[in-house]
Structures are given as structure tokens and as C-alpha cells.
Amino acid sequence: MLEVSLIAVLLCLWRGSGSRLGAARALCGWTERELVSKLLHLHFRDCKTKVSGDALQLMVEFLRIFVLEAAVRGVWQAQAEDLDVVDVDQLEKVLPQLLLDF
């Protein structure tokens, strides 16, 4: 379940040709805030835990920046390996340093 949730967040937060909000609604039927809220609530131990609007907006922005940075670093890694396409292998190589930086 976690893998599917993270993939949905990554896809919905990615800036496409349209607006982020439009991409999120088209892919998932939810706004970015709803999607991140659902992701957070999946992993709370107490179902009564609440997240303030400001904290939720902060998480949305944090995840957006994280995804963009992961994409950029993946491209740099692919270029360093003389590849034309970014694959999971390049993202796996940059992930440890990315997590340390965040």
C-alpha cells in the first residue's frame, strides 16, 4: 500500500504541461492537499490524529520540492553514465545522498 501511495504522490506533485492541481485531479481525483492528507493518515497510529492546514500545505510543498530534486539528480546521474533515459537505477543511485540532504 505504501508503494502505491508514494507513486501517486510523486505523479500528482510532478509539474506537467498543465497546472499541478489539474494534474492531481486528472490522475487521482484528489487535490494535492487531499492526496498528501490521505498519505499521512495511512501511517498514523491513532486514527484521531489531525494535521493543521499549515502543516499540510508545508508537506505538499516539501514533497513537491523533493520530487523535483530527485528528478533533476536522476537526470544528472543518467548524463554522467551517458544514458538518454532516466531509469530506476539512476534514482536508486542518487537516493541515499538525496535523503541525507533533506
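E81 is partly exposed, with a relative accessibility of 26%. E81 sits in the loop between α4 and α5. We will come back to this residue after a look at the whole model.

The model is predicted: local features need pLDDT of at least 70, side-chain atom pairs count only at pLDDT 80 or more, and totals for chains, interfaces and linings use all residues. Residues are numbered from 1 along each chain as its sequence is written, and side-chain values use heavy atoms, with hydrogens and water left out.

How far can we trust the picture? The score to watch is pLDDT, the predictor's confidence in each residue, from 0 to 100. The protein averages a pLDDT of 77, and 71% of the residues score at least 70. Residues 1-5 fall below 50, and this stretch has four contacts in the model beyond near neighbours in sequence. A contact means heavy atoms within 4.5 Å. Where pLDDT is low, the predicted coordinates should not be read in detail.

Now the overall fold. The protein has five helices and zero strands. Its pattern along the sequence is α-α-α-α-α. Helices (H or I, at least four residues) and strands (E, at least two) are DSSP runs, numbered from the N terminus. Of the 102 residues, 26% are buried. Take the contacts with a separation of 6 or more: residues 24 or more positions apart account for 44% of them. The protein exposes about 7200 Å², and carbon and sulfur atoms supply 60% of that area. Accessible areas come from the Shrake-Rupley method with a 1.4 Å probe; for residues, only the protein chains shown count as cover.

Next come the charged pairs. A salt bridge is a side-chain nitrogen of Lys or Arg within 4 Å of a carboxyl oxygen of Asp or Glu. By this rule, the count is four. One of them brings us back to E81. Its partner is K93, and the closest N and O atoms are 2.7 Å apart. This pair links distant parts of the chain, because E81 lies in the loop between α4 and α5 while K93 lies in helix α5, twelve residues apart. K93 is partly exposed, at 48% relative accessible area.

Another salt bridge joins R73 and D101, at 2.7 Å from N to O. It too links distant parts of the chain: R73 is in helix α4, D101 is in helix α5, and 28 residues separate them. What is the burial state of R73? R73 counts as buried because its relative accessible area is 15%. D101 is partly exposed, at 44%. The pair also belongs to a network of salt bridges that links E69, R73 and D101.

The side chains of R64 and E61 meet in a salt bridge as well, at 2.6 Å from N to O. R64 is buried, at 10% relative accessibility. E61 is partly exposed, at 29%.

Turn to helix α5, which spans residues 88-101. Leaving out residues up to four places away in sequence, Q90 touches G74, Q77, A78, E81, L83 and V85.

E92 is in helix α5 too. E92 is exposed, at 52% relative accessible area. From C-alpha to C-alpha, E92 and A70 are 9.8 Å apart in space, and they are 22 residues apart in sequence.

Finally, the surface. V72, V75, W76, V86 and L91 form a nonpolar patch, with about 410 Å² of accessible area together. Patches are made of residues with over 30% relative accessible area and no salt bridge: like charges are joined within 9 Å, nonpolar side chains (Val, Leu, Ile, Met, Phe, Trp, Tyr) within 5 Å. Which helix gives the largest share of the patch? Helix α4 (residues 53-80) does, with three residues. W76 has its place in helix α4. W76 is exposed, at 53% relative accessible area.

Terms used
Buried < 20%, exposed > 50% of the residue type's maximum accessible area, 1.4 Å probe, protein only.
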